[in-house]
Structure formats: C-alpha cells, structure tokens
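This report concerns a single protein model. Please keep the sequence and the structure in view while reading.

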Amino acid sequence: MYFTAATLALAFASGVSAHAQMYGVWVNGVDQGDGRNVYIRSPPNNSPVKDLASAALACNVNGGKAGSSFVKAAAGDTLTFEWYHNTRTDDIIDASHKGPVITYIAPYTEGNGAASIWTKIAEDGYDSSSKTWAVQKLIANKGKQDFVLPANLAAGRYLIRQEIIAHHESDTAYNVNSARGAQFYPSCVQFEVTGSGSAVPDQNFNFNTGYTYSDPGIVFNLYSAFTSYKIPGPAVWNAASSGSGSTPAPAQTSTSSSFVGGATLLPDTTSTSVAETQAPATTSVAVVVPTTTAAPTTLVTVTSAAQPRPTKCGGRRRRRSRQ
Ligand SMILES: [Cu+2]
C-alpha cells in the first residue's frame, strides 16, 4: 500500500474542512449502526451543496445511488439522525455554521430525489427567546437530531431527507457570488415503515423550484441584528388531517437538554478547505466579536491585506479578543 502525493493532499484537505455528514440512525433510542453507503445515500465527502438548481440539492452528490438496505421503523417512532464532522461524535460541524435542521419525507425512489415528491415532517430553526440555532443544539447533542414519524403515516418504503443549512456566508446569494451563499447539507435515508395509518405525504415539494434565492430563509445575514428567522420550505405537514387518522400532528422533540448558550465563535479566516477556497468578492471580512450570548451583537469590519483570503470554514478556529 502506498499513497501518492495527490492522495495525501486530498486526505489532508478533507480533514481540514469544517462541514458535516450523516453517520447513522437511531430508532426509539436503538442505534441502527453505521449507515453510510448502506441505508444512507452518502455523498463522497462532507462538502455542502450551494447551487439551488443542482439535482444534488435533494439527496446530495450520489443521491441517485440506492443503498443496499432500509431502516425499519414504525409510524409514531422517534427517529434520531446522527451527524458528524470527520469522525463519529467529534465536533459535529464548525460552530460558525449556524442555521436550521429540517426534515422531509418522500415515497421511496431509486432516483436522485430531484422531483416534486417531498413533504416536510419536522423543522427546527432559531429560538429567539434563547437565541439558539438548531445547529447549536445539534452540536450540544453530539450530532443527534430527533424527530417523530407521524403516527398515522401510511406503511411503505420512504426516503427521509434531513438537511442542515449553514448561514455563515449567506448574506450574499450563491447566484450573485458563487464563493458565498447558504450551505446545504442534505442527507437521504432509506426507510421501510410499518403501521396501520393511512396518511400519505402530499406536499409535493421540489427543492430545485421551492428553494429560491429570494427566500429570506436562504439568503440570510447571520451577522445582522435579526430577532427571528423564517425556515425555508412549506409548513410542517399536518398528518392528522390526512387520511383517516386522528392522531396529533408530529412534533419536533427537543434535544437541547444539555445545551448552554455559548459564546459566538469567530468565523475562521485562517485555513482553507477543498470546497471553499474562493476569495470573497471584496477583501473585507465581517467579524463578529464574541459575546456571552449566542446572538451576534457587534459587527466589526476588518479590512484584510490586498491579497485575497479564503473564506471561513476551516477546521482550525482561532479565538481573538477584542482589540
Ligand atoms: Cu462548512
């Protein structure tokens, strides 16, 4: 066994990226094992999708490559999707990558999911009372995001797609500046659901047409003095009003019991990654000064040297005190 220089360079580059992907699924608290390329349509790396016209927006790169097995669950079960950064239970995703975690379901397809087939079943965005983003809860919860399968969901095979949206560069839309834009981390999991319910997901949402560059939940300035955040996509599906079931609508369960509002971490400007080495359009870098709450309160513009710099997203992060 030997490594070429290119192999080593790639290995290093993927090691310093600050993104995330999915490791596996838990059903009612029971670990279903490493799902990568087994029941998860795993992408080749943890880089984000940013182009809203890309078919990969639905189920990521390799989204049309069907896995070899299905997670078995029953309608009404609590499911946990577990994310990681480079290795299981590590730092999960760079703390700068604040944003929502959203979950959709579609009838099973061996296709790539880029079609009008999706229905939103759970979402967690920004809690203005605690100034907490879903991604912060995800990190505090060791990468685990819980949601409940609707109790009257019709039995059958499904794809369940969970995405993280990271807003640290989304003040500018990707179609305006491809070096910036919201970062989407979609992951599709193959499920075989049992139960006697009759509710069939029917929102027929299509990511390529339903997510747009005019959506305030997609082009969003994380460093502005915001007080609320509108999660993109349709409202969470009310399964109770579908089919003949009469059970309550699914609720996003809280996974934040151990979360303590942390300091705002500085966007990293010191290291590079494979996907995000393009320089910003200008040489100014917005830096949020850390505060004791999760909400950015002070915006300072630091003008860098004339040399273009990589955008933040690196694995190493440097804390700086106010100077
Ligand atoms: Cu990233």
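## Basis and confidence

The model is predicted, with local features requiring pLDDT of at least 70 and side-chain atom pairs counted only at pLDDT 80 or more, whereas totals for chains, interfaces and linings use all residues. Residues are numbered from 1 along each chain as its sequence is written, and side-chain values use heavy atoms, leaving out hydrogens and water.

The average pLDDT (the predictor's confidence in each residue, from 0 to 100) is 80, and 70% of the residues score at least 70. Residues 1-16 have pLDDT below 50, and this stretch has 10 contacts in the model beyond near neighbours in sequence; a contact means heavy atoms within 4.5 Å. Residues 314-323 also fall below 50, with 28 contacts beyond near neighbours in sequence.

## Gln190 in strand E11

Gln190 belongs to strand E11, residues 183-194. Strands (E, at least two residues) and helices (H or I, at least four) are DSSP runs numbered from the N terminus. Gln190 counts as buried because its relative accessible area is 0%; buried means under 20%, exposed over 50% and partly exposed in between, with a 1.4 Å probe and protein chains only.

The Gln190 side chain reaches the backbone nitrogen of Gly67 at 2.6 Å and makes a polar contact of 3.4 Å with the side chain of Tyr108. A polar contact is a pair of N or O atoms within 3.5 Å; within protein, one must be able to donate a hydrogen and the other to accept it, and residues adjacent in sequence count only if both atoms are side-chain atoms. Beyond neighbours within four places in sequence, the contacts of Gln190 include Val38, Arg41, Phe70 and Tyr158.

## Asn28 in a loop

Asn28 sits in the loop between strand E1 (21-27) and strand E2 (30-34), and is partly exposed because its relative accessibility is 46%. The C-alpha atoms of Asn28 and Thr78 lie 5.0 Å apart, although 50 residues separate them along the chain.

## Cavities

Four cavities of 30 Å³ or more are found in the whole structure. A cavity is a set of points, on a 1 Å grid over the protein atoms alone, where a 1.4 Å probe fits but cannot get out; lining residues have an atom within 4 Å of a point.

The second largest cavity holds about 50 Å³. Its lining residues include Lys50, Ser170, Tyr174, Phe184 and Ile218.

How values were computed
1 Å grid on protein atoms, 1.4 Å probe; cavity = no way out; pocket = protein on both sides within 12 Å on 5 of 7 lines; lining within 4 Å. Points joined across faces, edges and corners; volume = space filled by probe spheres on them.
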